Amino acid sequence: MNLLTDLKPTSSALRVMPLGGLGEIGMNCMLFEFDGEIIMVDCGQMMPDEEMLGVDYVIPDITYLLERPSALKAILLTHAHEDHVGALPYILPQFGKMPPVYGSRFTIALLKEKFREHGFAPDFHELEARVPVDITKNFSLEPIAVTHSMINAFAFAIRTPVGTVIHSGDFKIDPNPPDGVAFDHYAFAKYAEQDDGVLLLMSDSTNSDRTGSCPSEIEVIPGIRRILREAEGTVIISTFASSLHRIQTVLNLAAECGREVVSVGLNMQRNIRVASELGLIDIPCDYSDEPRRANRIAPHKKLILCTGSQGEPMSSLSRMSNSSHRDISVSQGDTIVLSARIIPGNEVPIFRMANRLSRLGANVITESMARIHVSGHAYRDEMKHLINLTDPAYLVPVHGEYRHLHSHAALARELHFEDDEIFVLENGDCLELDGESAEVIGKIPHGRTLVDGKGIDDVNEVVLRDRHFLSQDGMVVAIVGMDRETGDVLSGPEIITRGFVHVDESAEQLDALKQQVLDAVLAMPVHRRTDFGELQQEIKRTIRRSIKKDLNRFPVVLPVVMEL
């Protein structure tokens, strides 16, 4: 398919264009366009894979929007998980006039805190469930309450000139949510009962390979309660800072079991504080967000609540496992609870961290050993229920790897959907719907933008390749001082290495390399020696040839020629 960079607005069809979240876990971002107006649902980030050395985050490529910046009229956020909101601080500043951002009360409150750290404040608008909002001339919106591992999560019913689109966001159907806010069956069903019905359902596919229904959050209570009652020492529970339902469960059980809770980690502390200030969670136990206070609590009365369940190197729990946390130390007899699922790809760092904690004498409990975690995403029966509830003309599975999307499509066929009523899209696909038919008409520019520190998209494949080489064989720097007029060598060569060989143990080898560089320089005719660009290339060739011959290694070689 061609990239439709010159796509012209149309007043007769709705275009649905994913920029992220399809074929991958994270980076969720969906565009809806009608008659030159665009709205975006979610703007998430994704964690880098092991090949993206030094990269902090991965966010969607928004080239299509930057080519028509005035077309983006609003950003709608289903909930506050980073894979749905994490790209906003990096994407919004790229627009001269930032579009307004809509979300639930908690989502907006959390983002205000985040954007204060970034030094700017977008135009935020709070949404309430069942309260319709006119977004633009062509788009209106009704938020629908859903249950998820994040509080204040919404699905969206988006009204367009050609029909209603329902975007599920992340959801499960929990009959006993900790905050008492139920999945709103009626709000979904009423759209199926309207005269024109539901044109398109875009539904969460994350757990499409799991049969039955997702267990309720209350099912973790017996397992965590038993751990808190039986543990004789400190209990450290690690979960996602955004899993506020789980955090509420832990706070309730701490009060029941007579343990004082100390939260550790900026994100954990911030989320609890904001949710508490809004009255969205209750803190019934003795609680502190000052980690040093933990040292004044008896071990059998202490519960540490922290991040790091995925083995992230700089997380609180990972630093505890390395005995490098400033305030918290792990002791013999402590109990560590990893109350989160192991995200595929994180197995190695998680088990390394667990091994370090075990060496310190702690008892490490994972979800495979006890019911201490349940998913926040629907299983197959819940997905079927949402399809039946909304009765859409078309289905687009979203949020998940390709296997999840295809499994969701197969589930729809079990419900008698025809192949031409299901669209398994890829990022960049442009699906066009006119109310009577639907088809993929091509692709728009899309891809991944890498964030490294404050730099956005200044790390490309060449930089990543260099970092990969550095990580494998290190670096060799050769410094030579030259007289540009005569071509005489005035100093050096000096050889500096990092990550290549141990200098003290390889002194003889490095001396031989220095001599080879000097011989190569002196063997060059004077007119070539005074061309420093050519001289650098000769030094690089000499070093690479010698190291490959002697060691069969391929370090990054940096020749430095100084004019003296």
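Q: What makes a residue buried, exposed or partly exposed?
A: Buried means under 20% relative accessible area, exposed means over 50%, and partly exposed lies in between (1.4 Å probe, protein chains only). The model is predicted, so local features need pLDDT of at least 70 and side-chain atom pairs count only at pLDDT 80 or more, while totals for chains, interfaces and linings use all residues. Residues are numbered from 1 along each chain as its sequence is written, and side-chain values use heavy atoms, with hydrogens and water left out.

Q: Why is arginine 130 called partly exposed?
A: Its relative accessible area is 43%, and arginine 130 is therefore partly exposed. Arginine 130 sits in the loop between β7 (124-127) and β8 (133-134); strands are DSSP runs of E of at least two residues, and helices are runs of H or I of at least four, numbered from the N terminus. Although not a glycine, arginine 130 has a positive phi of about 70 degrees.

Q: Is aspartate 42 counted as buried or exposed, and why?
A: Aspartate 42 has 0% relative accessibility and therefore counts as buried. This residue lies in the loop between β3 (37-41) and β4 (57-60).

Q: Why does serine 316 count as buried?
A: The relative accessibility of serine 316 is 2%, so the residue counts as buried. Serine 316 belongs to helix α9 (residues 316-321). Neighbours within four places in sequence aside, serine 316 is in contact with Val264, Gly265, Cys306, Thr307 and His325, where contact means heavy atoms within 4.5 Å.

Q: Why are α4 and α8 called oblique to each other?
A: Helix α4 (residues 105-118) and helix α8 (residues 266-277) pack at about 135 degrees, with axes 10 Å apart. Angles under 35 degrees count as roughly parallel, over 145 as roughly antiparallel, 65 to 115 as roughly perpendicular, and the rest as oblique. The two helices, α4 and α8, are therefore oblique.

Q: Which residues of α4 meet α8?
A: Phe106, Ala109, Leu110, Glu113, Lys114 and Glu117 in α4 meet Arg270, Asn271, Arg273, Val274 and Ala275 in α8.

Q: What makes a set of residues a nonpolar core?
A: Such a core is a set of buried Ala, Val, Leu, Ile, Met, Phe, Trp, Tyr and Cys residues joined through side-chain atoms within 4.5 Å. The largest one here has 35 residues, and those with the most contacts inside it are Phe106, Ile237, Leu244, Leu303 and Leu305. Its largest share, seven residues, comes from α7.

Terms used: Axes fitted to C-alpha atoms, helices over the stretch in contact; angles between N-to-C directions.
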